[in-house]
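You asked for a short note to read beside the model. Please keep the structure open while going through the points.

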Number of protein chains: 2
Amino acid sequence: MDTFQAVADPVRRWIVERLAAGGEATAGDLAQLTRTEFGISQPATSKHLKVLREAGLVTSTVSAQRRIYRLDPRPLADIADWATRQHQYWNTKLDALTQHLSTLKEKP
Amino acid sequence: MDTFQAVADPVRRWIVERLAAGGEATAGDLAQLTRTEFGISQPATSKHLKVLREAGLVTSTVSAQRRIYRLDPRPLADIADWATRQHQYWNTKLDALTQHLSTLKEKP
DNA sequence: CACATATTTCACTTTACAGTTATATGATCT
DNA sequence: AGATCATATAACTGTAAAGTGAAATATGTG
């Protein structure tokens, strides 16, 4: 699954936001939080974490029985880049159009 | 369907890119192009366009029997903002950590 | 070693979505 | 009006993803 699909799911997007805000969290923390936030079970969250892991959005390190999850900022940068590129490219065209229209208004 | 889910699909992302590059296109143009690019039928593309419309990513205007599709840059800006926000927030934390580690290295 | 804790994986069900063909809608042309 | 073109919708199918409870795996503790 690619990066876009990974963050398409609201639960996973919420997890990403949580990790960005808190820095890191154990799988148990996240399972607890998503339970209260979305009412889903612990295995459900575990599977979401797997998807995020395979998409490269998060990394996990083992600490005894706990798995500590952290965000990898690079894939997010890719998304931001893509969106900004499409956004800006088209915006310049839009600006050109607006300007063209206003010159038409001056000299009708 | 929300903006993220709309651009999660590769066909729709391709359509967005095409509109950003070309400025505008008719439904027929896009149906033709996605046909050669992905091998899907005209109704399939029509449904993708519907999703993009309902997500607010594109607008369509009627010109005789044709529907002309254009990109609305605002939702893309939202995506870029979101991704940049998560990315940067965590990056500052990462920088702080890196700096912390290097000071530890100096004075062990 | 037995037991508790943390997390993942398995087997299964339900739901959502992309795709298809066929049909409907609406505008243009002769 | 009838034919045709452009696009959308309907009805249906196959597949994938998200959810669940139960079991497996691995680590720490009395």
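Predicted model: local features only at pLDDT ≥ 70, side-chain atom pairs only at ≥ 80, totals over all residues.

1. How the two chains are related. Two copies of a chain are related by a rotation about an axis and a shift along it.

2. The contact between chains A and B. Chain A puts 25 residues into this contact and chain B puts in 24. On the side of chain A that touches chain B, helix H1 (3-8), helix H2 (10-22) and helix H5 (73-106) of chain A each give two or more residues. H5(A) has the largest share of that side, with 14 residues. Sorted by class, the side of chain A that touches chain B holds 16 nonpolar, six polar and three charged residues.

3. The sheet of chain A. Chain A has an open sheet of three strands in the order E1-E3-E2, and the pairing is antiparallel. E1 and E2 of chain A are at the edges with a single partner strand each, so one side of each has no neighbour in the sheet. On average, neighbouring strands of this sheet are turned by 25 degrees against each other, direction ignored.

4. Pairing within that sheet. Strands of a sheet pair through backbone hydrogen bonds, either parallel or antiparallel. Strand E1 (residues 24-26) of chain A is joined to E3(A) by three bridges, and the two run antiparallel. Glu24(A) has Arg70(A) as its bridge partner in E3(A), while Thr26(A) stands opposite Ile68(A). How many bridges pair strand E2 (residues 58-63) of chain A with E3(A)? There are six, again in the antiparallel sense. Val58(A) of this sheet stands opposite Leu71(A) in E3(A). The hairpin of E2(A) and E3(A) has two residues between the strands, and Ala64(A) there takes a positive phi near 60 degrees.

5. The sheet of chain B. Chain B also has an open sheet of three strands, ordered E1-E3-E2 with antiparallel pairing. Its edge strands are strand E1 (24-26) and strand E2 (58-63) of chain B, each pairing on one side only. The twist from one strand to the next averages 25 degrees. E1(B) and strand E3 (residues 66-71) of chain B run antiparallel and are joined by three bridges. Ala25(B) has Tyr69(B) as its bridge partner in E3(B). Helix H3 (residues 27-38) of chain B lies across E1 and E3 of chain B, at about 85 degrees to E1(B).

6. Helix packing in chain A. H2(A) and H4(A) pack with their axes 10 Å apart, at an angle of about 70 degrees. The two helices are therefore roughly perpendicular to each other. Val11(A), Arg12(A) and Ile15(A) of H2(A) make the contact with His48(A), Val51(A) and Leu52(A) of H4(A). By class, this contact has four nonpolar, one polar and one charged residues.

7. DNA strand C. There are 24 residues around DNA strand C, and the nearest are Gly28(A), Pro43(A), Gln65(A), Ser41(B) and Ala64(B). Helix H3 (27-38), H4 and strand E3 (66-71) of chain A, together with H4 of chain B, each give two or more residues to this surface. Which element has the largest share of the surface near DNA strand C? H4(A) does, with six residues. The classes are 10 nonpolar, nine polar and five charged.

8. DNA strand D. DNA strand D is surrounded by 24 residues, with Ser41(A), Ala64(A), Thr26(B), Gly28(B) and Pro43(B) the closest. At least two residues of this surface come from each of helix H4 (42-54) of chain A and H3, helix H4 (42-54) and E3 of chain B. H4(B) gives the most, six residues. The surface near DNA strand D divides into 10 nonpolar, nine polar and five charged residues.

Note on methods: Residues numbered from 1 in each chain as written. Chains lettered and ligands numbered in written order. Pairing = 2+ DSSP bridges. Helix = DSSP H or I, 4+ residues; strand = E, 2+ residues; numbered from the N terminus. Axes fitted to C-alpha atoms, helices over the stretch in contact; angles between N-to-C directions. Contact = placed C-beta atoms within 7 Å. Nonpolar A, V, L, I, M, F, W, Y, C, P; charged D, E, K, R; others polar. Near = placed C-beta within 6 Å. Parallel < 35°, antiparallel > 145°, perpendicular 65-115°, else oblique.
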